[in-house]
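Q: Can you go through this one with me? I'd like to start with confidence and then move on to packing.

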Amino acid sequence: MIFMITLRQLICAWLLSWAGAVTAGGLPAPVAQALKAAEIPRSAVAVVVQAVDSRRPQWAMNADKAMNPASTMKLLTTFAALDLLGPAYTWQTQAFVNGSLENGVLKGALFLQGGGDPKLTYDHFARWLREMRQRGLREIRGDLVLDRHVFALEASDARQFDHETMRPYNVLPDALLLNFNAISVQLLPHAAQSPRLSIEPALGNLDLVNQLRSDDHAECGDWREGLRSDVFTSGAVDRLVLGGAYPLACGEQRWDIAFPDHSHFVLGVFRSLWAELGGSFSGSVREGDVPPDARLFAVWPSPTLGEIVRDMNKYSNNVMARQIFLTLGVEAGHRPARPEDGAAAIQAWLTRRGLKMPELVLENGAGLSRQERISAASLGRLLQAAWHSAVMPEFMASLPIAGSDGTMKKRVQGQGVAGQAHIKTGTLDGVKSMAGYVLDQHGRRWVVVCLVNHPRAALAGPAMDALLQAVWEHGG
């Protein structure tokens, strides 16, 4: 009897402690306080917390409201791709020769046919060209022809989206996407002179104009805001003009810059690498389909989908998500694939899986959108379905670990939930979001979703971190 009374008292004490941590509105007190401090009303916040082994949410707020999810929409693209294509799926980029190839001399064109590889990096491309040299190709007396037609080419909407046309997150998908269509400029500060620059990849058709100036008085802060980049094209040559003031207090930094023209970018990287490998190329670049009589010369396989989604979600890479989104359209039988084909493939997959999302609006599958919509409840059901699926290990491993890596590396450090949550984040102007899994201190795992759509959404980070900590401490 004494034992039973003691056990009952312990249970009551635990329930009272949890009740004290939760406000009357259903939010843990630290979360509610953080939202109040940020001046974000509860009407702008949607939350779902549900055990992975439960059929209903433990608690929810505005769960069925259609919200802009920002990059948490990548969770839908990821699960659909892993489930439909399989974690071992790979893309192929193929090289064809059209003309005579004798004694290492190609008297004709070299065709590069893109298959939509989301991770054809500079290093991978260099290894592939080295393989072509080892196969005997030395001199190309024709053009470099790019077959980019497995995806329909999209018109850039960056000017309408945020006017940042040369930011890498705005790069458009492309069947022959090379190095995310971006260069990395290493800024090496030099007192009283312009910062020295180191560029990778080197472009054989690039004229670099360094108009940067060093500032030895300014604090570092958001140094990118003080810099500008412009590209001017003249024939086959691109002129990149870099300007603005760079604070010496920032030390060495990397500045990633996207190029507006995919074909010129591929040509520049190819020229530089081919010369470095001892090859000769006298032609230019153009676009076209591989002719029927062209001969397959070399194939470059991508990393597996399981590897690629890890890079995509850990660092929230938009163009990788868009490549995968379009690939779903290709595999559904659409060539060239358009965004609406990827959206239709995902909608059909949701129907087959019995996942109803009547509010869902898909534009590009990356969350880099003003139109995309989903509810916290739908994201919660998606995460539950992924947890119980055969691809759960690959899906979960792709998510940033709270306080450890990716976009969550600097969050919740020093708190109990650090290292105990796999969380995908999202950020746009007026949008902040997170969705994923938390393992509480009692060993039970929870689905956690929080979406904020409000002009002050950027200030919602502390509330979201408090939510993760509360779930870790108390479960649902």
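A: What follows covers confidence, helix packing, strand pairing and some backbone details.

Q: What is the mean pLDDT of the protein?
A: This is a predicted model, in which local features need pLDDT of at least 70, side-chain atom pairs count only at pLDDT 80 or more, and totals for chains, interfaces and linings use all residues. Residues are numbered from 1 along each chain as its sequence is written, and side-chain values use heavy atoms, with hydrogens and water left out. The mean pLDDT (the predictor's confidence in each residue, from 0 to 100) is 92, and 93% of the residues reach 70 or more.

Q: Helices next. At what angle do α3 and α9 pack?
A: Helix α3 (residues 74-85) packs on helix α9 (residues 339-353) at about 75 degrees, and the axes are 11 Å apart. Helices (H or I, at least four residues) and strands (E, at least two) are DSSP runs, numbered from the N terminus. Axes are lines fitted to C-alpha atoms, for helices over the stretch in contact, and angles run from 0 to 180 degrees between N-to-C directions. The two helices are therefore roughly perpendicular, the term for 65 to 115 degrees.

Q: Which residues meet there?
A: From α3, L76, T77, F79, A80, D83 and L84; from α9, A345, I346, W349, L350, R352 and R353. By class they are eight nonpolar, one polar and three charged. Ala, Val, Leu, Ile, Met, Phe, Trp, Tyr, Cys and Pro count as nonpolar, Asp, Glu, Lys and Arg as charged, and the others, Gly among them, as polar.

Q: How far apart are the axes of α8 and α9?
A: They are 7 Å apart, and helix α8 (residues 318-331) packs on α9 at about 75 degrees. That makes α8 roughly perpendicular to α9. F325, L326, L328 and G329 of α8 make the contact with P339, D341, G342, A343, A345 and I346 of α9.

Q: What does β1 do with β18?
A: Strand β1 (residues 45-51) pairs with β18 in the antiparallel sense over seven bridges, and V49 stands opposite V448. Pairing needs at least two DSSP bridges between the strands. Strand β17 (residues 431-439) also runs antiparallel to β18, joined by nine bridges, with Y437 opposite V447.

Q: Which residue takes a positive phi in the hairpin of β17 and β18?
A: G443, near 90 degrees; the hairpin has five residues between the strands. N179 has a positive phi of about 55 degrees although it is not a glycine, and N179 counts as buried at 16% relative accessibility.

Key. Parallel < 35°, antiparallel > 145°, perpendicular 65-115°, else oblique. Contact = heavy atoms within 4.5 Å. Buried < 20%, exposed > 50% of the residue type's maximum accessible area, 1.4 Å probe, protein only.
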